[in-house]
Amino acid sequence: MNYTVSSHSFSSKSHELTNGQLTLSYDERNVLKTIMAGPVMLGQHETPEFEQAVSNVYLRVKSGEAISVTPLVFFGPETETFRTNAGEVVWQTTNDLFRARVIATLAKDQSIAFVTADVENLSGEAMTFDVIFGQDVALADAGAVKTNEAYASQYLDHEVFQLEGAGYTVCSRQNLPGSTGNPCSQVGSLSEVVAFSTDGIQFFGKSYKVTNQPEAVFQPTLANVKYQYEMGYIALQSADVVLAAGAKHSTVFYVEVQPHMADSNVAEARPVAEIAAAYVAPGFDKAIEIAKPEFPLSGESVLVGEELTAEEVTGFFGEERRFAEEKDGKLLSFFHTDSRYVTLQEKERHLERSTGHMVSSGNCHDFRNAVMSSTHGMYGVFNSHVVLGNTSFNKMMGVDRTFLNLFKSSGQRIWVRENGEYRVLTMPSAFETGANFSRWVYKHNGGFIIVRSFSATESTTVQMEVETKGLEPLDILISNQLTMGNNEGEAVVTVNQNDRNIHVTGNHELVAAHHPELSFTMKLDDALTDVEKVTCEEDGSVRYLLLKGQLSDLSGEKVVVTIAGSLSDASQQTVETLDFDKEVAAFQRGQNDLINDFRVSFENDEYNAEKLNDTMQWFTHNALVHYATPHGLEQYSGGAWGTRDVSQGPFEFFMSMQRYDKVVDILDSIYSHQYVETGTWPQWFMFDQYNTIQQEESHGDIVVWPLKAVADYILTTGDVAVLDRQIPYTSIGQKFAFTEEKFTLFAHLERQVQHIIDNLVPGTHLSCYGDGDWDDTLQPANQALRENMVSGWTIPLTLQTFKTMTRALKGQEQYAEFVARIADLTEKMEADYRKFLIKDGVITGFLHFPEGDIEQPEYLLHPSDQKTGIKYRLLPASRSIISETFDREMAEQHMAIIEDKLVHPDGVRLMDRMAEYKAGKQTYFKRAELAANLGREVGLQYCHAHIRFIEALAKMGKVDEVYEQPVQDPAGRHPGFGP
């Protein structure tokens, strides 16, 4: 059965309003795309095609306690938009109560944008209202923002001031340096602001994922709390205005952006009188009227699943409820069957970061394979970030860039037509995940819409299928956002049809240089009868592909879309439709085989046995993502191995599973990225055809981890012959290409040890700190600290590595000189460890030799520390226990300190307190003193560190304590891999 093909085109040209310092870019619909100050992007998002901007102006008419909210920059039946003779963009809303116009103007010679909301009372009586202005904030180079919006937001510092006559004003500074330095902004009003908020989670709220409405605008007042989270969004609320019938009133907000603010955020805001003097009053003359978009899809119309009854939950997922979570008597989530996990809609109402999942093709057990991967979002993202191989560049579909589902065009979405209008499926009634699949259940109109998306075991294929139960036939539309490159709009995407197959290719320059044959093929089943290409007029690129058909449970058919990827065959003539049950069963068998059918049963404690079994399954899933297709739900840039990470997580995983062939392959890859010039490694590197992309600088401990991996491997297997393997280096001087000549692994080890020797603090046998150690928050703030500071964690790690290598090569005459060399270094390093790192019976977090003077050491993160305020650090103590550098007495003493100072109900903490944050000023530690957000990598608790703490307990034989430890990922790090 054939299908019809049609097209819809749009222009990607921008209409720009600029004064030479600020540039406001609008799309053809007058929707604001970006505000740029040179290379600096003010906002978090470049508005996608067919979406509304995150920034907006809300008019709130009040009657008693009732609030009627109207977004003024919004396509609605009462709205029109036009451009003035000066090129300024006007949005006008007219109804029986009021006429409201919003226009942005620019100061003539300053980097200030003004947003004027002009309101006229058209009713016959006085009207009370206020105005809320919202603007997302990133203040970073556009490339940095698009790499990860949440990361950029973590380093924003917000300071709130109250100015006379103007009320609240918010000044924000980007603490991470960019191309212009540290950009900053001031957001305020020329009239009184009575309330504010600083983050999108305050403004849109957790409920937005369900209601599709910003929470804050329906509340009497904004939060009036400075919240430093992961979506910088400044919202300001004007004072109430009582407007007489027929009268007019203007409220003016402003945004000032500067390229650099030295040292830290401002101590006081710029006086509003100076801002007001630069105000450019708008004209409202209509020069060019912009037609409303004809595109049939609007993210404002959503379909949300209804709450399931207990009987319906059982009907879909069975009666088993392992580790069920409940709140206020409502079931939130549970595990069942073969470690499948079910999240109900009620749980999402309590979560700031939404539930999601990543699936990969079954060839993910070998990193050298090109793995097909896809990211799912509970709130109706059925596929996104669909990639084959490198997860940064080889993307077919775009990524979901917000954790609240603000944009409904990202990835693959499903729309159903009801009453002449397409509604997009967002929050389901329930969401189920397994090792290679997700299932969404939408209860609706007395029936159900059920979606399944899953990956194949034997082929690089993913498949999405939709069915209904108990519903009348539904017209369905599946939207697919196509990228074929790193970011949206960077590549020209070409779509060709062949029977029921649709072939997708692109011309991204970097991708074409490495994978010129990269292609994806979508196979459509017979229920899909129409294909619409949404193309860019300027370059012909297909940005979206819309698949239309009808869904009916009367025929028992499903709507099925199968996507296959290839690196070598752009035509891909054959794509096989998958069978869900067979693929799920085969994938689970493969994972069980990989972990040697791991399963425990405790005669008197089945509850904890099952917890361990489920944990093993999901840690394995996460390990394979980290190993073969590295990226995250919200960290969509990836495709690389951290040298430290891969030398632990994947290496230790495969060692524990006795998959030694995979271990050797990992070692080959790691050592091929060792620098021939220095003997050390990049912090991270891409391990595929994009291998020249890497971060050259690295932390001081990085050089130790590969050596530890080799030592552990030889000691466990006795395979000394591995040292004869021929492996190239990477050459910095040759733009990170591999050397043509190969060298034995042993030659690599010799160069590695020489680097360690060359980087000892002068006068000691202690390794210098370099660019940091495992704790990302504590990277050194200046060059002197790199050279004159020692990590209390890196030294026992190095001692453990040297001792393990000595044992591994004991009796091997050909390596006797090498063993003697590291044994001598071990003896001297351990002597200095005891001489310098232990003070008053407690190991220090860091040792600092000011100006290199080893006679006057400074102890940081130690009870004697008078500078940072931090008295205890976990990692040096736990690693000294694991490495047996402590004797039994010292181990017991430090375990007591850990349990007293660092253990909390939700896990063990890295330090007893955070480094002092002073609005971005740096003294000792880079990220801890730059990040205003306390979370993710900048926090007190990592799952990795907790796992290593459990290892330390096991080393000491504390069986009961090991058993009592929580197994969780409280800080959102990549589970399963640790320091």
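**View 1. Charges of the protein chain.** The chain carries 81 positive and 135 negative charges, and their mean positions are 1 Å apart. Lys and Arg count as positive, Asp and Glu as negative; His and the chain ends are not counted. Each charge is placed at NZ of Lys, CZ of Arg, CG of Asp or CD of Glu. This is a predicted model: local features need pLDDT of at least 70, side-chain atom pairs count only at pLDDT 80 or more, and totals for chains, interfaces and linings use all residues. Residues are numbered from 1 along each chain as its sequence is written, and side-chain values use heavy atoms, with hydrogens and water left out.

**View 2. The fold of the protein chain.** The chain holds 23 helices and 53 strands. Both are DSSP runs numbered from the N terminus (helices: H or I, at least four residues; strands: E, at least two). The C-alpha trace spans about 95 × 70 × 60 Å along its principal axes.

**View 3. Packing and surface.** Of the 979 residues, 62% count as buried. Buried means under 20% relative accessible area, exposed over 50%, and partly exposed in between (1.4 Å probe, protein chains only). Take the contacts between residues at least 6 apart in sequence: 67% join residues at least 24 apart. A contact means heavy atoms within 4.5 Å. The accessible surface comes to about 36,200 Å², and 47% of it belongs to carbon and sulfur atoms. Areas come from the Shrake-Rupley method with a 1.4 Å probe; for residues, only the protein chains shown count as cover.

**View 4. Asn-445 in a loop between strands.** Asn-445 sits between strand E32 (437–444) and strand E33 (447–455). Its phi is near 50°, a positive value in a residue other than glycine. Asn-445 is exposed, at 55% relative accessible area.

View 5. Phi of Glu-884 is near 60°, positive although the residue is not glycine. Glu-884 counts as exposed, with 53% relative accessibility.

**View 6. Gly-143 in helix H1.** Helix H1 covers residues 142–147 and includes Gly-143. Gly-143 is partly exposed, at 43% relative accessibility. Gly-772 is 629 residues from Gly-143 in sequence, and the two are 25 Å apart in space, C-alpha to C-alpha.
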